[in-house]
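Please look at the sequence and the 3D view before reading on.

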Amino acid sequence: MPEPLLKIRDLHVGYGKKPILRGASYDVHPGECLTLLGANGSGKSTSLNAVCGFVTPTSGSVMLDGIETAGLPPHKIFAHGIAQVSQARDLFPDLSVEDNLRLGAMRRGGKQQAQTLSDIYERFPRLKERRRQATRTLSGGEQQMVAIGRALMSRPRLLLLDEPSGGLSPQFCEEIAQIIDRLKSEGVTLLMVEQNLNLAFRAADRFIVLRDGQVVDGGDVRAMAGDHDAIVRNIYL
Amino acid sequence: MLMQLTLGGLSQGMIYALIALSLTVVYRSTTVVNFGHGDFVMAGAFLSYVLVVLLGVAFVPAAVLAMAAMFVLGVMFNRGLIRPIRGGPHIGLALMCIAAGYLLRGIARMVWGREVLPMPPVFDMAPIFVGDLVITGDAVFIIGTVLVLLLIFFGLLAMTDLGKMVQAVYQSPRGARLIGLNVDRFNDFSWGIGAALGALGGILVAPVSLLHPDLGASFLIKGFAAMTLGGFGSLGGAVLGGVLLGVAEQYAGAYIDSALIEITAYVVIVAVLFIRPQGLFGRKAVVKV
């Protein structure tokens, strides 16, 4: 087993006095897709937000390839190669699709930026057709493509996906799964939060279950094939 | 007469436009309405007065120096006083702005008392006569300076990577963080730009009016009226709102009653909030229930 790309150890995060993550520990290995499962309030999104610096852990460690990133501000964590596609997408609604994408690579050089932009258009031909359109005029699925494309423009070492299927049609969920397959085949490491268990198990290699801010279960997705009920019980009961 | 009033209104409106724009720059980036902004305008005017009258610096370099000083003050104000209380209630931010404004005003009063100070004319050129229309050097200077500045400002915003990043921060601060931008630094920059642009309003108005420590208060209201008319948060709307307000003041003063000049801004605020609360270019707020 290669060294983990991301090592989370005994992570504690709270909002005010309310603890959300209470000593969560897990690893993400290079090239894999790990999905975080759990009921609402179990700490899944908080976990992603702690990894990319939107919330500051009260204690514990977040190591990216041996570098401690816990407590760093988001822009510094981004510079280490962690990008997030957030649940709300957080696009720039009045800017064009192309501007949104280009902004994703603003911290990289112009030539590399142009190359990555053509890669993104190859991956999402629909975005190329709509490159001059304001992002707010796109459908939910297209906006999700822009959000993923924007994150990929930075060529992240670790991509965090927070509910990528949120509010999208079943057809687009399958499209998301295919996008994740392709990212994995290209060696992109993914950490995903997903409520849609079909998508989670279709796309991920491993899963962990969070309950009350702690890891209570986990394993290989293939080993659980056909036994999703046990996981559902573990999540909700 | 109409042309003369329009020219006078344009000249005055350009100052309002600058002040409304500078208020909007800060509002868009941090959602803070700087209730002390009028005193930033006053501080810019007094700084230029000190440099030109007391230190003998030529007007243009004095204006650049005063703007640079106000940029630094704006950045320091955000870093030192606004950023630490950002997570608190909005009323706290408003009170902090008012307090800082009164502090600036108090300093000006301590130094100059309540006396009214004249600034020497800056653009001392002979008026140009076009038929009945008299175009003064001051009007040319104010309109020309603000137009050039607006072209640079909106050009940078629309056509450069830096401008796109600023727009990104305006439209989604969280999204901007997701693409690795240091939003706090952009906010510092916005406060600096806001303070410098507001100061330029004061610097431009100084040679055509009399300086006194309380001059910022009326400019603050004009700035708010222009913002309201243009639409809160709209940069272009702030500029158009300022120009329209300046012209409206002149028309109302000449054709209705000269006393109206002073209250046009208040009338505009009330009328716009009743008839079209989102202003000319603002977006209608939709509350989902």
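Helices (H or I, at least four residues) and strands (E, at least two) are DSSP runs, and they are numbered from the N terminus. The model described here is a predicted one.

**Domains of chain A**

Chain A splits into domain 1 (6-81 + 156-236) and domain 2 (91-155). A distance of 24 Å separates the C-alpha centres of domain 1 of chain A and domain 2 of chain A. In their contact, domain 1 of chain A takes part with 10 residues and domain 2 of chain A with eight residues. On the side of domain 1 of chain A that touches domain 2 of chain A, two or more residues come from each of α2 and α7 (170-185) of chain A. That side of domain 1 of chain A divides into eight nonpolar, two polar and no charged residues.

**The largest nonpolar core**

The largest nonpolar core holds 159 residues. Which of its members touch the most other members? They are A:Leu160, B:Ala17, B:Ala45, B:Met70 and B:Ala199. At least three residues of this core come from each of domain 1 (6-81 + 156-236) and domain 2 (91-155) of chain A. As a general point, nonpolar side chains in soluble globular proteins tend to be buried together.

Apart from neighbours within four places in sequence, A:Leu160 is in contact with A:Leu48, A:Val51, A:Cys52, A:Ile82, A:Gln84, A:Val85 and A:Leu191.

**Where the chains meet**

The contact between the chains takes 19 residues from chain A and 15 residues from chain B. On the side of chain A that touches chain B, α2 (74-79) and α3 (97-104) of chain A each supply at least two residues. The most is given by α2(A), with four residues. By class, this side of chain A has nine nonpolar, five polar and five charged residues.

B:Ile179 gives a view of chain A from chain B. B:Ile179 sits in the loop between α7 (173-178) and α8 (183-205) of chain B. Leaving out residues up to four places away in sequence, B:Ile179 touches A:Leu103, A:Gly104, A:Met106 and A:Arg150. Is B:Ile179 buried or exposed? B:Ile179 is buried, because 27 other C-beta atoms lie within 10 Å and the cut-off for buried is 20 or more.

Within chain A, α3(A) packs against helix α6 (residues 140-153) at an angle of about 35 degrees, and the axes are 6 Å apart. The crossing of α3(A) and α6(A) is right-handed. From α3(A), the contact is made by A:Val97, A:Asn100, A:Leu101, A:Leu103 and A:Gly104. From α6(A), A:Val146, A:Gly149, A:Arg150, A:Ala151 and A:Met153 take part. The contact of α3(A) with α6(A) has six nonpolar, three polar and one charged residues.

**Pairs of residues along and across the chain**

| Pair | Residues apart in sequence | C-alpha distance |
|---|---|---|
| B:Ile263 and B:Gly253 | 10 residues | 9.8 Å |
| A:Leu37 and A:Ala200 | 163 residues | 8.5 Å |
| B:Ile179 and B:Gly106 | 73 residues | 42 Å |

A:Leu37 belongs to strand β3 (residues 33-37) of chain A. A:Leu37 counts as buried because it has 25 C-beta neighbours inside 10 Å. B:Ile263 lies in helix α11 (residues 260-275) of chain B. B:Ile263 has 13 C-beta neighbours inside 10 Å, so B:Ile263 counts as partly exposed.

A:Asp10 is not a glycine, yet A:Asp10 has a positive phi of about 50 degrees. A:Asp10 is placed in strand β1 (residues 6-15) of chain A. Its 13 C-beta neighbours inside 10 Å are why A:Asp10 counts as partly exposed.

Why is B:Thr31 classed as exposed? B:Thr31 has 12 other C-beta atoms within 10 Å, and a residue with 12 or fewer counts as exposed.

Notes:
Residues numbered from 1 in each chain as written. Chains lettered and ligands numbered in written order. Predicted model: local features only at pLDDT ≥ 70, side-chain atom pairs only at ≥ 80, totals over all residues. Core = buried A, V, L, I, M, F, W, Y, C linked by C-beta atoms within 7 Å. Domains from an automatic or database assignment. Contact = placed C-beta atoms within 7 Å. Nonpolar A, V, L, I, M, F, W, Y, C, P; charged D, E, K, R; others polar. Axes fitted to C-alpha atoms, helices over the stretch in contact; angles between N-to-C directions. Left-handed = near helix turned anticlockwise from the far one by under 90°.
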